[in-house]
Amino acid sequence: LESRLPRLDTILFHKRLGSYRAKAERLEKLAGWIASEVLSVPSAVATARQAGRLAKVDLATGMVRELTELQGTMGGVYARAEGLSEDVWRAIYYHYLPVGVEADAPPARADLRSAAVPWAAVSVADKLDTVVGLIAAGERPTGTRDPYGLRRQSQGLLRTLIDLPELTGLELPIPMDRLIVEARAGVGTVDQRDEDPDAWHKAVTMFLLDRLRYIFEQRGFAYDELNAVLGRQTSVPDPLDARRRLEALRATRDSVDFEALAVAFKRVKNLSRELKRQPVDHLDRLTEPAEAALVADYARRSAQIREALKARQYGQA
């Protein structure tokens, strides 16, 4: 496979983003960075870099030229036949997946085995490079046109991060903006035709937010639940964190306590509509026992809530 890398120079990825050889170099670097800095598994860096470098080489083979639907799959087959490590060939074999947004869409943890982390690094790197690079190059999907499959690529990227614990065994915060900025830096200078220099970032953010909402809609979350968790976002939230918040809200909203709290909160909001917002710094002036008890309980529970939020235990919060 290594000997075929130069052939990727002859296959164009995009006129503004260069050849697949250039993309392979970006994948090698970005996948290694993701394994180290985002997934925090330094032992997977070398494997992720090697798989990223070789992931697109099968595009230069006769088999994939004839049967394009085998791209990635054949790369994994060739890597296995060559004697590369199981983690490398599995990361290549599955790196185009996932395609579906369902929680049980392939690949499964049993398919990935010990390659789960390098696979996630390569899969995320590939899709992120495509989405960020093409949008920066001016390719924006419309309601009827998506020739580069950016919706599918985005959904695969986000679905991997949403289901990261089930796929890799990792549960950790995902810094989406850092991922986006790192991918954009790898692409380098792109002729944007005198466009607002920040337009690409706004476009990527809105596009990924839309796809994130779509995935959760497909998983059965209600319109008002999605508005509660995603409605005011101006940046792409951590997909797994959004899932945890939605799950906690859905599990809690039908309880008697939740309904009573919602009614009480609405009443308080209406009563306080005309009040000016200001710090509550004179609690020592409260004399009624009920008021003092309320303040004390609030202080105790707010500390517990903050701790639960910090640990991402949203149901408990």
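**Notebook: rings, core and a buried glutamate**

I began with Y93, which is partly exposed at a relative accessible area of 28%. The model is predicted.

I then looked up the partner of Y93. Y93 pairs edge-to-face with W89, at 6.2 Å centre to centre and 85° between the planes. Both residues lie in helix 5 (residues 86-93), 4 residues apart, about one turn of the helix. W89 has 10% relative accessibility, under the 20% cut-off, so I logged W89 as buried. Ring pairs join W89, Y93 and Y94 into a cluster. I also found the charged end of R80 over the ring of W89, 4.8 Å from its centre.

Next I checked R211. Its charged end sits over the ring of Y214, 4.8 Å from the ring centre.

I counted 4 aromatic pairs. One of them is F13 with Y20: the centres are 5.3 Å apart and the planes at 70°, so I noted edge-to-face. F13 is buried at 12%, and Y20 is buried at 17%.

I turned to helix 1 (residues 20-38). At its start, a side-chain oxygen of S19 comes within 3.2 Å of the backbone nitrogen of R21. Just after helix 1, S40 has a positive phi of about 55°.

Which residues touch the most other members of the largest nonpolar core? I found I34, L39, L179 and F216, out of 80 residues. Helix 7 (residues 116-136) gives the largest share, 14 residues. Beyond its sequence neighbours within four places, F216 contacts several residues, including I162, F221 and P239.

Last, I looked at E225 in helix 12 (residues 223-230). E225 is buried, at 4% relative accessible area. Leaving aside neighbours within four places in sequence, E225 contacts L246, L249, R250 and R253.

How values were computed
Residues are numbered from 1 along each chain as its sequence is written. Side-chain values use heavy atoms; hydrogens and water are left out. A nonpolar core is a set of buried Ala, Val, Leu, Ile, Met, Phe, Trp, Tyr and Cys residues joined through side-chain atoms within 4.5 Å. Buried means under 20% relative accessible area, exposed over 50%, partly exposed in between (1.4 Å probe, protein chains only). Helices (H or I, at least four residues) and strands (E, at least two) are DSSP runs, numbered from the N terminus. Contact means heavy atoms within 4.5 Å. A polar contact is a pair of N or O atoms within 3.5 Å; within protein, one must be able to donate a hydrogen and the other to accept it, and residues adjacent in sequence count only if both atoms are side-chain atoms. Rings of Phe, Tyr and Trp (its six-membered ring) pair if their centres lie within 6.5 Å; planes under 30 degrees apart count as stacked, over 60 as edge-to-face and the rest as tilted. A charge sits over a ring if NZ of Lys or CZ of Arg is within 6 Å of the ring centre and within 35 degrees of the ring normal.
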